[in-house]
Amino acid sequence: MKTAYALAIAALLVLPVAAQETRSFTDDLGRIVEIPLEPQRIASLQDLAITVPLIELGVMPVASHGRTTSEGEGFIRGSKVLTGVDFDNSGIQFLGNQPVDIEAVAAAEPDLIITTPWQDAPVEQLEAIAPTIVLDDEARGDFAIYDVLTEITGTQDRLTVLKDRYAGQVEQIRRFIDTGDVSVNVIQGVDGQVLSWHTYGALGKLLRDAGFTFPDRVEAIPEGEFERMSAETLPELDADFLFVTYRTDTGETPADAYAQLEAVMPNFCEFLFACKNNQMIVMPREEASASSYYGLGVLSYTVLSHISGRRFESKPE
């Protein structure tokens, strides 16, 4: 019933969309889609991967996927702290979570829908509403998604500014820290196991771009992937500085990050050089993991303030 209703609404939207000048675009599923040359009403079906980057590029979507609080209120994950924009202070319509509400998508009257393989809403239903493209943010990489979004929205000048600012931030870290002589890693306790990534989101990108070194066990993880490991691997994941994150949008605190590592191994701190020497840095996950140039700036300052200009112990080989 819902699908039939959505398709009926979509039929009313065909004429305005068809009247726009279009061009061919090949999405990450290999589909060739006729999309507006200058889209004006974009519906984003992934908040962290698509909505936040669009807002940073100066493009306000008309509607977006989001998450819900325990009270059922919708929010764009990480966006309030990364961009200042959320459903409650903008005209962006909340489309629901996973999957999004097809009727809500149709009611937003988009002229372009951007979704990802993560989103469960069927593409065949979405493309009946408006031209729909699928962008695989995981395959492209967290920040490569900006390049394709810029191509779609014509915001190349804005992206150039964001990239130049980030390059300056990386150079500043290299100027004040001999990064090649400092080892780092990002770990996280989950369900009694410890997780580590080859490159952990924005934080991992910054640390690698700045030239820090990583433990051999981490370098062995294929690029773009992570591994779940047992407590016995903790010493192999150790470094001069360790970064651990907690999820603020679900109400977690730094204490939760410690508790999750305690669940991996009681008294875990005794087995980690960085923790024993007060060189384990605990930070909110949104800034650390999101595809956000603002987030990269926050992380750059965090790394500088924690590592530069201080005496610290180097982990024995």
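Modeller: We may, with the reminder that this model is predicted. In soluble globular proteins, nonpolar side chains tend to be buried together.

Biologist: Which residues touch the most other members of the largest nonpolar core?

Modeller: The largest nonpolar core holds 71 residues, and those touching the most other members are Ile133, Leu135, Leu203, Leu207, Phe212, Phe243 and Val303. Helix H15, residues 293–307, gives this core its largest share, 6 residues. Apart from it lies another core, of 15 residues, including Ile102, Val105, Ile113 and Ala130.

Biologist: Which residues does Phe243 touch, leaving aside those up to four places away in sequence?

Modeller: With that exclusion, Phe243 touches Val184, Asn185, Val186, Ile187, Leu203, Leu207, Ile281, Met283 and Val303. Leu203, Leu207 and Val303 are also among the core members that touch the most others.

Biologist: How should I read the sides of a helix? Which residues of H12 are buried?

Modeller: The general idea comes from the helix geometry. An α-helix has 3.6 residues a turn, so residues three or four places apart point the same way. In helix H12 (254–264), the buried residues are Ala257, Leu261 and Val264. They lie on the same side of H12, because they cover an arc of only 45° around the axis. Ala255 and Ala263, on the other side of H12, are exposed.

Biologist: Against which elements do the buried residues of H12 pack?

Modeller: Their partners are the strands S10, S11, S13 (241–246) and S14 (280–284), together with helix H11 (234–237).

Biologist: Let us turn to the backbone. Which peptide bond is cis, and where does its proline lie?

Modeller: One looks at the angle omega here. The peptide bond from Gln98 to Pro99 is cis, with omega near 0°. Pro99 belongs to the loop between strand S7 (93–94) and helix H4 (102–107).

Biologist: What is the phi of Glu109, and where does Glu109 lie?

Modeller: Glu109 is a residue other than glycine with a positive phi, near 55°. Its place is the loop between H4 and strand S8 (112–115). Glu109 has a relative accessible area of 45%, and is therefore partly exposed.

Biologist: Where does Asn267 lie, and is Asn267 buried or exposed?

Modeller: Asn267 lies in the loop between helix H12 and helix H13 (273–276). Asn267 counts as exposed because its relative accessibility is 51%, and exposed means over 50%. Although Asn267 is not a glycine, its phi is positive, about 60°.

Biologist: What is the volume of the second largest pocket, and what classes of residue line it?

Modeller: Its volume is about 260 Å³. The second largest pocket is lined by 16 residues, of which Ser183, Thr213, Asp240, Lys315 and Glu317 are the closest to its centre. The lining of this second largest pocket has 6 nonpolar, 3 polar and 7 charged residues.

Methods: Residues are numbered from 1 along each chain as its sequence is written. This is a predicted model: local features need pLDDT of at least 70, side-chain atom pairs count only at pLDDT 80 or more; totals for chains, interfaces and linings use all residues. Side-chain values use heavy atoms; hydrogens and water are left out. A nonpolar core is a set of buried Ala, Val, Leu, Ile, Met, Phe, Trp, Tyr and Cys residues joined through side-chain atoms within 4.5 Å. Buried means under 20% relative accessible area, exposed over 50%, partly exposed in between (1.4 Å probe, protein chains only). Helices (H or I, at least four residues) and strands (E, at least two) are DSSP runs, numbered from the N terminus. Contact means heavy atoms within 4.5 Å. On a 1 Å grid over the protein atoms alone, a cavity is a set of points where a 1.4 Å probe fits but cannot get out, and a pocket is an open set with protein on both sides within 12 Å along at least five of seven lines; lining residues have an atom within 4 Å of a point. Grid points are joined across faces, edges and corners, and a volume is the space filled by probe spheres set on the points. Ala, Val, Leu, Ile, Met, Phe, Trp, Tyr, Cys and Pro count as nonpolar, Asp, Glu, Lys and Arg as charged, and the others, Gly among them, as polar. The arc is that of the directions from the helix axis to the C-beta atoms.
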